[in-house]
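Visitor: Please take me through the labels attached to this chain. I would like each one set against its cut-off.

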Amino acid sequence: MSFPDVRPRRLRRSPAIRRLVEETRVAPAELVLPLFLKEGLTEPRQISSLPGVVQHSRESLRKAAHEAVTAGVGGLMLFGVPESANKDETGSCGLDPDGILNVGLRDLIAEVGDSTVVMSDLCLDEFTSHGHCGVLAEDGSVDNDATLAVYAEMAVAQAAAGAHMVGPSGMMDGQIGVVRRALDKAGYQDVSVLAYSAKYAGAFYGPFREAVESTLQGDRRQYQQDPPNLREALREVDLDVAEGADIVMVKPALPYLDVIAAIRERVTVPVAAYQVSGEYAMVEAAARNGWIDRERVMLESLTSIKRAGAQITLTYWATEAAQLLRDRY
């Protein structure tokens with residue numbers, strides 16, 4: 001008998017065979033596109049640290065949503081960016097039915113209806129003058145319980161604007177239970193809750209701060225997860241599922257693939273991951289310098305997130321990746 005008699009390379013010898021035995025396959029319907037709607041814009045505005053990503057006007061938001069749906073993208077996550085003059089200590093413009101986020105939600109529903117999942121970021125950082133995710137106590141710390149009361153009101157406002165799914169992202173203790181009860185009490189039992197269960201206070205968010213014109217001073221380490229901790233993430237996920245989360249999410253994605261895998265093994269609800277601005281920007285910067293193959297790295301990174309266990313991935317490449325995947329298969 002010739003040696004070697006076992007030759008795994010046989011299943012790699014052609015593109016057709018590799019496609020046939022591919023173990024992990026990303027589908028367009030599993031991708032969610034984050035979108036930024038800026039109050040007062042009449043034309044989209046490029047975000048310098050996120051090449052290819054813009055702050056949208058209401059008109060360009062509709063066009064981007066239509067393009068994403070045509071490509072087969074599974075969801076749209078909307079962030080509202082108010083005028084600086086409309087920000088205050090409590091983020092009140094995030095609750096206003098005529099505030100930019102709720103106006104944008106109504107625009108998206110009018111444009112795409114139920115052809116994709118319209119999601120809304122449920123947090124105060126875009127709307128507060130201090131840039132934190134909640135209401136501040138007298139000592140300058142974030143007041144967890146006072147913030148929960150605002151989140152409850154915000155969730156109902158977003159549901160009334162048409163959101164299919166709300167995404168509490170502030171990492172306040174008890175936020176999922178409070179939001180779930182508020183939605184149910186207001187008659188929005190069918191609105192889903194996407195829990196940012198393990199949101200790490202890491203260093204990959206820089207470009208996002210530009211996108212939402214963040215006024216944050218300091219950091220969010222007192223309420224977001226410490227990057228070295230995994231067991232703490234599992235505890236957070238257990239609490240969120242017990243409080244009624246329909247989906248749990250890890251953010252960022254690539255630096256926390258082990259966390260995604262551990263959570264996937266632990267829960268029976270869908271697991272999502274957010275491929276954040278810094279992850280996107282690093283690839284785009286390297287590609288612009290000719291150091292990497294942009295499209296291959298894009299798809300490889302998305303595949304790694306899926307392989308780790310995320311059923312849903314939020315990514316700024318969602319529309320482009322969906323088009324590439326559709327052509328590939």
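The talk below goes through some labels and the values behind them.

Guide: This is a predicted model, in which local features need pLDDT of at least 70 and side-chain atom pairs count only at pLDDT 80 or more, while totals for chains, interfaces and linings use all residues. Residues are numbered from 1 along each chain as its sequence is written, and side-chain values use heavy atoms, with hydrogens and water left out.

Visitor: Why is Thr116 called buried?

Guide: Buried means under 20% relative accessible area, exposed over 50%, and partly exposed in between (1.4 Å probe, protein chains only). Thr116 has a relative accessible area of 5%, so the residue is buried. Thr116 lies in the loop between helix H3 (100–112) and S5; helices (H or I, at least four residues) and strands (E, at least two) are DSSP runs, numbered from the N terminus.

Visitor: What does the side chain of Thr116 reach?

Guide: The side chain of Thr116 comes to 2.9 Å from the backbone oxygen of Gly74.

Visitor: What makes Lys38 and Glu83 a salt bridge?

Guide: A salt bridge is a side-chain nitrogen of Lys or Arg within 4 Å of a carboxyl oxygen of Asp or Glu. For Lys38 and Glu83 the N to O distance is 4.0 Å, so the pair is listed as a salt bridge under that cut-off. The two residues belong to distant parts of the chain, 45 residues apart: Lys38 is in strand S1 (residues 31–38), and Glu83 is in the loop between strand S4 (75–81) and H3. Lys38 is buried at 5% relative accessible area, whereas Glu83 at 33% is partly exposed.

Visitor: How many salt bridges does a search of the whole structure find?

Guide: The search finds 15 salt bridges. One of the pairs is Arg266 with Asp238, at 2.7 Å from N to O. This pair also links distant parts of the chain, with Arg266 in helix H8 (residues 257–266) and Asp238 in helix H7, 28 residues apart. Arg266 has a relative accessible area of 45% and is therefore partly exposed; Asp238, at 33%, counts as partly exposed too.

Visitor: Why does the pair of Arg180 and Asp246 tie together parts that are 66 residues apart in sequence?

Guide: Arg180 forms a salt bridge with Asp246, and their closest N and O atoms are 3.7 Å apart. Arg180 lies in helix H5 (residues 175–185) and Asp246 in the loop between helix H7 (231–243) and strand S8 (247–251), so the bridge joins parts that are 66 residues apart in sequence. Arg180 is buried, with a relative accessible area of 11%, and Asp246 is partly exposed at 33%.

Visitor: Which residues are linked in a network of salt bridges?

Guide: The network links Arg58, Arg62, Asp107 and Glu111. Arg58 also has a C-alpha to C-alpha distance of 7.6 Å to Thr42, and these two are 16 residues apart in sequence. Thr42 sits in the loop between S1 and strand S2 (45–46). Thr42 is exposed, because its relative accessibility is 64%.

Visitor: Which residues gather in a patch of negative charge on the surface?

Guide: The patch holds Glu138, Asp139, Asp143, Asp145 and Asp173. Charge patches are made of residues with over 30% relative accessible area and no salt bridge, like charges being joined within 9 Å. Lys and Arg count as positive and Asp and Glu as negative; His and the chain ends are not counted. Asp139 has a relative accessible area of 63% and is therefore exposed. Asp139 is in the loop between strand S5 (117–122) and helix H4 (144–160).

Visitor: What forms the positive surface patch?

Guide: The positive patch is formed by Arg7, Arg9, Arg10 and Arg12. Arg12 is located in the segment before helix H1 (15–20).

Visitor: What is listed for the backbone at Met171 and at Pro252?

Guide: Met171 has a positive phi, near 60 degrees, in a residue other than glycine. Met171 is placed in the loop between strand S6 (165–168) and H5, and its relative accessible area of 5% means that Met171 is buried. Pro252 is joined to Lys251 by a cis peptide bond, with omega about -5 degrees. Pro252 is in the loop between S8 and H8.

How values were computed: Patches are made of residues with over 30% relative accessible area and no salt bridge: like charges are joined within 9 Å, nonpolar side chains (Val, Leu, Ile, Met, Phe, Trp, Tyr) within 5 Å. Accessible areas come from the Shrake-Rupley method with a 1.4 Å probe; for residues, only the protein chains shown count as cover. The place of a charge is taken as NZ of Lys, CZ of Arg, CG of Asp or CD of Glu. A polar contact is a pair of N or O atoms within 3.5 Å; within protein, one must be able to donate a hydrogen and the other to accept it, and residues adjacent in sequence count only if both atoms are side-chain atoms.
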